[in-house]
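Hello,

Here is the structure I promised to pass on. Please have a look, then read the notes below.

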Amino acid sequence: MLKVLVTGRDGQLGQCIKSVAHQYPNLEFDFKASSELDITNKAKVESFFNNQQYDYCINCAAYTNVDQAEAETELAHIINVLGPKYLSESCSKHQVTLIHISTDFVFDGNASNPYKETDSTNPIGVYGKTKLEGEQEIIEKLNNYFIIRTSWLYSEFGNNFLKTMQRLASERDEIGVVGDQIGSPTYAIDLANIVLGLIQDRNTSYGIYHYSNEGVISWYDFAKEIFRLSKSTIKINKIETKDYPTKAKRPKYSVLDTSKIKHFTYISNWKDSLFKAILNINN
Ligand SMILES: NC(=O)c1ccc[n+]([C@@H]2O[C@H](COP(=O)([O-])OP(=O)(O)OC[C@H]3O[C@@H](n4cnc5c(N)ncnc54)[C@H](OP(=O)(O)O)[C@@H]3O)[C@@H](O)[C@H]2O)c1
């Protein structure tokens with residue numbers, strides 16, 4: 001039996017991992033909410049690892065509000081940089097493998113081909129910058145880590161684009177969605193299964209990986225398919241980024257090259273995964 005600590009239990013990915021955990025009977029889970037394990041509390045993190053012998057730690061805890069991060073720089077830094085730093089120090093001391101989730105926002109979005117794990121990073125906002133520094137803390141302190149960069153995460157849990165679009169469909173007759181930001185959605189349940197698959201297979205090919213569902217689309221395309229599958233009659237207009245100002249700049253192109261992780265796993269098409277997510281929401 002492998003013992004797995006999951007931080008950030010009540011976030012979107014934490015809840016997804018919890019919902020599929022029963023499919024992995026050989027793994028014993030210890031899910032911790034932020035109130036039980038604050039990853040920015042060094043002493044608390046240390047005592048947690050001193051008192052329990054874990055084989056893996058999945059870090060689902062993060063500061064994820066991209067716009068708010070521009071104003072809350074210090075808090076974003078504490079959670080996204082110091083949190084992973086303290087976790088890696090304890091993982092290193094106790095020989096625990098750390099699986100950490102990062103983001104496409106570590107890139108500037110000026111590319112025109114999918115980003116590989118080895119491509120130069122250049123975050124354009126506070127959130128991406130802190131996530132990148134968090135990665136660097138882990139790489140510096142640990143050998144046995146997986147850093148999985150993902151993009152456009154959505155699911156039946158937490159706050160995300162799918163749920164926002166479904167809510168707006170019930171409130172409005174018409175909506176504008178940006179059509180000039182290109183990326184790939186990721187169903188967080190698929191990501192949860194990839195993460196648990198790495199553990200179950202006792203995979204030791206440590207390093208950075210890119211993971212998203214298959215397909216390259218705009219937010220407009222994503223919204224259109226959400227409304228089609230949800231049988232919504234809302235009118236959707238394609239708008240440009242300049243018509244939808246946000247506090248933080250978004251990468252224009254954030255497609256991740258997933259060839260490396262495909263050595264271990266099958267990746268489903270974004271439309272198939274979206275279909276499953278909407279079925280799960282409706283059931
Ligand atoms: N969402 C996306 O579109 C997206 C895209 C690419 C990558 N990612 C990455 O994917 C990962 C999971 O994202 P998500 O969507 O699941 O995020 P989320 O729903 O915002 O969940 C984040 C969780 O972190 C917890 N947390 C915050 N500060 C903490 C602390 N100091 N100690 C312990 N827990 C703390 C929060 O707890 P409370 O709720 O109690 O504060 C929350 O449960 C993150 O690393 C994120 O950067 C997300």
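UniProt positions are given in the numbering used here, and its annotations may be inferred rather than shown by experiment. With that in mind, an unreviewed UniProt entry places the feature "domain: RmlD-like substrate binding" at residues 3-278. The model itself is predicted. In it, the end C-alpha atoms of residues 3-278 lie 32 Å apart. That span is 36% helix and 18% strand.

Two helix pairs come next.

Start with helix 3 (residues 73-93) and helix 4 (residues 126-141). Their axes come within 8 Å and cross at roughly 15°. Angles under 35 degrees count as roughly parallel, so helix 3 and helix 4 are roughly parallel to each other. The crossing of helix 3 with helix 4 is right-handed. From helix 3, the contact includes Thr73, Ala76, His77 and Asn80. From helix 4, it includes Val126, Tyr127, Thr130 and Lys131. By class, the residues of this contact divide into six nonpolar, seven polar and six charged.

Now helix 5 (residues 161-171) and helix 7 (residues 219-229). Here the axes come within 10 Å and cross at roughly 60°. That makes helix 5 oblique to helix 7. Helix 5 passes helix 7 in a right-handed crossing. Helix 5 brings Phe161, Leu162, Met165, Gln166 and Ala169 to the contact. Helix 7 meets them with Trp219, Phe222, Ala223, Ile226 and Phe227. What is the make-up of this contact by class? The contact of helix 5 with helix 7 has nine nonpolar residues, one polar and no charged ones.

Two single residues are also worth a look.

Ile281 sits in helix 8 (residues 270-282). Is Ile281 buried, exposed or partly exposed? Its relative accessible area is 29%, so Ile281 is partly exposed. Beyond its neighbours up to four places away in sequence, Ile281 touches Glu156, Leu162, Lys163 and Gln166. Ile281 and Lys163 are 118 residues apart along the chain, yet their C-alpha atoms are separated by 9.2 Å.

Ser151 lies in the loop between strand 5 (145-150) and strand 6 (153-154). Its relative accessible area is 2%, so Ser151 is buried. Which residues does Ser151 touch, not counting those up to four places away in sequence? They are Asp104, Ser184, Pro185, Thr186, Tyr211, Ser212, Ser254 and Leu256.

Best wishes

How values were computed. Residues numbered from 1 in each chain as written. Predicted model: local features only at pLDDT ≥ 70, side-chain atom pairs only at ≥ 80, totals over all residues. Heavy atoms only, no water. Axes fitted to C-alpha atoms, helices over the stretch in contact; angles between N-to-C directions. Helix = DSSP H or I, 4+ residues; strand = E, 2+ residues; numbered from the N terminus. Parallel < 35°, antiparallel > 145°, perpendicular 65-115°, else oblique. Left-handed = near helix turned anticlockwise from the far one by under 90°. Contact = heavy atoms within 4.5 Å. Nonpolar A, V, L, I, M, F, W, Y, C, P; charged D, E, K, R; others polar. Buried < 20%, exposed > 50% of the residue type's maximum accessible area, 1.4 Å probe, protein only.
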